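Let's take a walk through this protein together. Have the model open on your screen and follow along as we go from helix to core to sheet.

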Amino acid sequence: MTGESHDVGARLRELVLAGDLETLRSYVDGLAGDDLAVARRWVASKHDVDRHPGPPELGDWMHEGTYERYVAMRRARLVSHARLGAPAAAVKAVAAELSFWDNHDQPELVAAFVEKDARWIESFASAADAVRPSAQGASTVLMLLDAVVRAHGLPAPAGALFHEGWIRQLQGQVEPSRWTDREPTLEHLLADPLLPDVVYLQLASGEVGAWPAFGQVLPTLVEKGLIDRDRTLAIALEQLTAGQKPSSQNALVGVLSALGLRADEVPGGLDLLLSILSSCHASAVAPVLALAIESVRTGEDAVELARVVAPRAQKGVRRTLLKALAPDAVGTRVDHAGLLEAVEVLAEADDDLTDRERYDKARAALGGTAGAAPEAPDALGLWDLELPPAAAPTGWQNPWRRPLRDRLWQALRTGSSRDDSLTDDVLVALARGTLTAAEMRVTAHELAAEGALSPVHTVALLEPLFLAGAMQATWAVAVEVADLCAAPPRPASGLDRLLAFLATYAVEVPRPHDLPAHLLRLADGRSKSAQEAGRLATLLGSSREPGAAVPAALGSWTEQTERVPWGLAYPPTRDLGTIGPRIAATPFEPHQVPGAVRRRVLTSLLLDELVALVVEHGAAAVRDVFAGWSESRVSGAFPEAVALWARGELTTASYWTLARATASVDDLLPGWLEEMDPMEAHTKSFQWTVRDGLASAEPVMPKWWSDQWRGAQSWLEFLHTCEALLVAERGGRVVSTTDVSDGSLGLDHLWERLAAAESVGPLDLRLALGRLRPGDLRSVPEAAVEALVDPALSSPDGSRQDRAVDVVQRWVDGGGLRLTPKRTNVPHQWAYDAACPVPWSSCEALAGAPLDDGPPRARADDAYTLPGRPDLWLRQGFHGHDADDSLADVGGPIGVHGWSVVLDHLFTPSPTVHHDPDFVSLVRLQDQGRLDPAVAVRAASARWDAAPPDAADGALGWERAMLRGALRGLWPVAVAIVEAGLARDERPADLDPLVAVLRRRMHEVPPEHVPDFLEQR
């Protein structure tokens, strides 16, 4: 066949895309000469049929049949590799292929590979045998490898991929799943042409652990003469010294047991068994140890065996050997002196106090004497080490990372996972003083109150700290954790490990050092924890008289104060030289503003400053500051609006053109993906700006315009910025600027601004109304307000004429924004229905993208459109992991609905830190004096009325919040709630847990604040 090279490639692409294997094979088999060479190069290259989601001809993936066509195309592509590709290249292609097959019965695909000549098959099998089991197409490679090996009579492969698949298939035949109707069978194994080598290679492959019971099929193979017993045992013993993974070692010792290995059959005898015991996994120890014990013939053998067993961590292994060293066991054939020496070797390496009595009994049985108490090691000087210096953090800091105390709480909690970076972070925080030992003690008490404090996790955290120089700072924390874990009714699991850890480092501690009461009481018992407590007391020179247990004073009652958000105002900033860089940075960098204001409030302040500079210096002078923006690409709604104005491209006409926009760059993206590389297309879409969109016949907006979470808010911010700058050029003013730190505005300030203004923008005025502090609604003042709502920005034709005073009066007379809360199906969350006399829909600029009068979807936008409403802010729960997003920054009183959310979190146990109440905000609200007991009681009463009497979840959130520093603010709230509950006809179910919390914390409360119901027992 002859033809142009592109014709061959096009035909191959057409046939692969069609998935017609018969036609493809017929075409390929007919190629010769130059066409065959061209076809081979095409197969070895990458094409659109190799990229996901495939060529456009496949059709829409949402339509039926597309997936089936895609699978057929991939199968045909592999066939092309089989017919025209080199063996190694074919393996590489198959290994990179995701397994799309519903099953592994692919006769046409298998046939394309099996039909190749012997030389090609040998090379293919060799390369396929080296493919890792983790490869994407591993299952397909295995299917083809197994087929070509058996069809061409090749030796059994030795690679991990083949043997993992072989043994899993065998397990499925011998132990079929319960949901299948297959009967167990060995027929396939007995007829396997790869025997016996496949068994020997399986044992050496490292994959035998995929089926730990593999050994059970071997006696049948031995009986039928299909494998050699001695060779099988020799391979299994040899592989136990090869460091195979634990599951495989377990399977190998199963082979030894299944084939009945005796001690006298072990090649190398005790020496080989000792080599195995020195390195094998715990799961393989027991059978090997039994063989080793049986192989002991002299006292020297017993001592050598003890030396190998002693360092192992498994207590049961040492006890097994100790039992075997008795006179009536190994002692029947070995002299007692050698056995006694072996016992001493075991005893010297065993620090388990509960086993001392066992060793003394073993010594006595062999004619020895009781062992002496171990001597304390020499001190290393850890107590006097200082914390390493820690520099202040530099570079980018992850703002979404959980606070360190929450990570500490999670790490010390029973059942938690390991946090590898926590130790270093705690060490640095201790050095900087951002974390104290007192705060670590509080964390321990939080978990102890829940019964979730882990002694084992405490050891894992504190031992590296001890060695790094923090022993003196954290020793008291470790002792207090131990005491909390030793408190009645029973010691915590793992306490013995914590006490043994403390005893190890007790030599470093200045003596005498008295232990707390619970540990001293524990020391009188006979458990392992009790013996460890007694040893620790002896090492520290502690008094052994426990005395009365005194509740720990944690300093939870504090007297700090903080100004409320509504009491924090801003000095006006007017800096023409820096206004440009500060606006350009707003989407990316949080700025330090007085009062820790959130970023959304900063936008309002910057816009007010920009408008004031325009009024003061003139538009031309301010535009000169932004001269460098003419070619740069700023990003974000606020900076892009400023850039549009600075370039002189913002006019009343372009404003209304943009306001009528109906398309975003996301609408252009599908076409770009067909025309260019996907990465290039997505990069172009993310870099798209308003300026790019204005160059189109119809404006095409950036990605932030169509964002499902913040698109509407960003659009409002963009149009409001444009409007404010246009109004400023005509002598108008911005009246919506916040006057306090939470983003809200006082009505008196709004009247003052309107009285001084000639005109205002409609969006700016509506934004100002939404920012009015709730409850601050009064009539129009006597001062004349003549400001007009700018007609050119109220409607496209300028025909709309509104007086600002009439709009504000309509808002005041209508009661402002009315938000009606309602429960949702999500725990701790509320939804709100909104109604107001001046809705956003009255602003014609927003007609194309209407804005909801209720709360925005993203809570961070509250500070922009609806600030100063704590209950609204709490609609998404009361979780606290973002220091820049705090309820304490939202001014105004917390209402009944807000308290309902807070109480839900305080009464509900917190299984993970992701559901913690916002403890930091509670402490700040306490310091601001904003935790009102009367409103909290109303919320609690509503909660009791709505919930059945047995709906109590506990009060752990209360105790954790009090321990975190909110005791002074929450104490009167809790007392008032309890007193209200006691006055009800039916006692609420959650009252008793709350009273129990108050009793546990009353020792830190000034006596005058302790109510009578707590003093009465």
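## Helix H37 and what it packs against

The buried residues of helix H37 pack against strand E3, helix H38 (762-771) and helix H40 (804-813). Helices here (H or I, at least four residues) and strands (E, at least two) are DSSP runs, numbered from the N terminus. Before going on, note that this is a predicted model: local features need pLDDT of at least 70, side-chain atom pairs count only at pLDDT 80 or more, and totals for chains, interfaces and linings use all residues. Residues are numbered from 1 along each chain as its sequence is written, and side-chain values use heavy atoms, with hydrogens and water left out.

So which residues of H37 (residues 747-756) are buried? They are Leu747, Leu750, Trp751, Arg753 and Leu754. "Buried" means under 20% relative accessible area, "exposed" means over 50%, and "partly exposed" is in between (1.4 Å probe, protein chains only). Turned away from the buried side is a face with the exposed residues Glu752 and Ala756.

## Helix H3, another two-faced helix

Now jump back to helix H3 (residues 33-44), with its twelve residues. At 1.5 Å a residue H3 should span 16 Å, and its end C-alpha atoms are 17 Å apart, which agrees. The expected span is 1.5 Å times one less than the number of residues.

In H3, the buried set is Asp35, Val38, Ala39, Trp42 and Val43. Looking down the axis of H3, you'd find these buried residues within an arc of 135°, so they line one face of the helix. Gly33, Asp34, Arg41 and Ala44 are exposed, on the face turned away from that buried side. Here's the handy rule: an α-helix has 3.6 residues a turn, so residues three or four places apart point the same way.

A nonpolar core is a set of buried Ala, Val, Leu, Ile, Met, Phe, Trp, Tyr and Cys residues joined through side-chain atoms within 4.5 Å. The largest one has 120 residues, and Phe113, Phe124 and Leu218 are among those with the most contacts inside it. Helix H8 (residues 138-151) gives the most to this core: nine residues. A second, separate core has 77 residues, including Leu750 and Leu906.

What does phenylalanine 113 contact, leaving aside neighbours within four places in sequence? Its contacts (heavy atoms within 4.5 Å) include Leu78, Trp120, Phe124 and Val148.

Strands E3, E4 and E5 form an open sheet in the order E3-E4-E5, with mixed pairing. E3 (759-760) and E5 (802-803) stand at the edges, each with a single partner strand, so one side of each is left without a neighbour in the sheet. Two strands pair if DSSP finds at least two bridges between them. E3 and E4 (residues 788-789) pair in the parallel sense over two bridges, and serine 759 stands opposite leucine 788 in E4.

Further along, strands E6 (residues 818-823) and E7 (residues 830-835) pair in the antiparallel sense over six bridges. Arginine 823 sits opposite tryptophan 830 in E7, and threonine 820 opposite aspartate 833. The hairpin has six residues between its strands, and histidine 828 there takes a positive phi near 70°.

## Two residues to look up

Find threonine 824 in the loop between E6 and E7. At 30% relative accessibility, threonine 824 counts as partly exposed. Not counting residues up to four places away in sequence, threonine 824 touches Gln829, Trp830 and Ala831.

Then look at histidine 720, in helix H36 (residues 711-729). Buried or exposed, what is histidine 720? Histidine 720 is buried, with a relative accessible area of 2%. Leaving aside neighbours within four places in sequence, its contacts include Leu607, Ser736, Asp764 and Tyr864.

Terms used:
The arc is that of the directions from the helix axis to the C-beta atoms.
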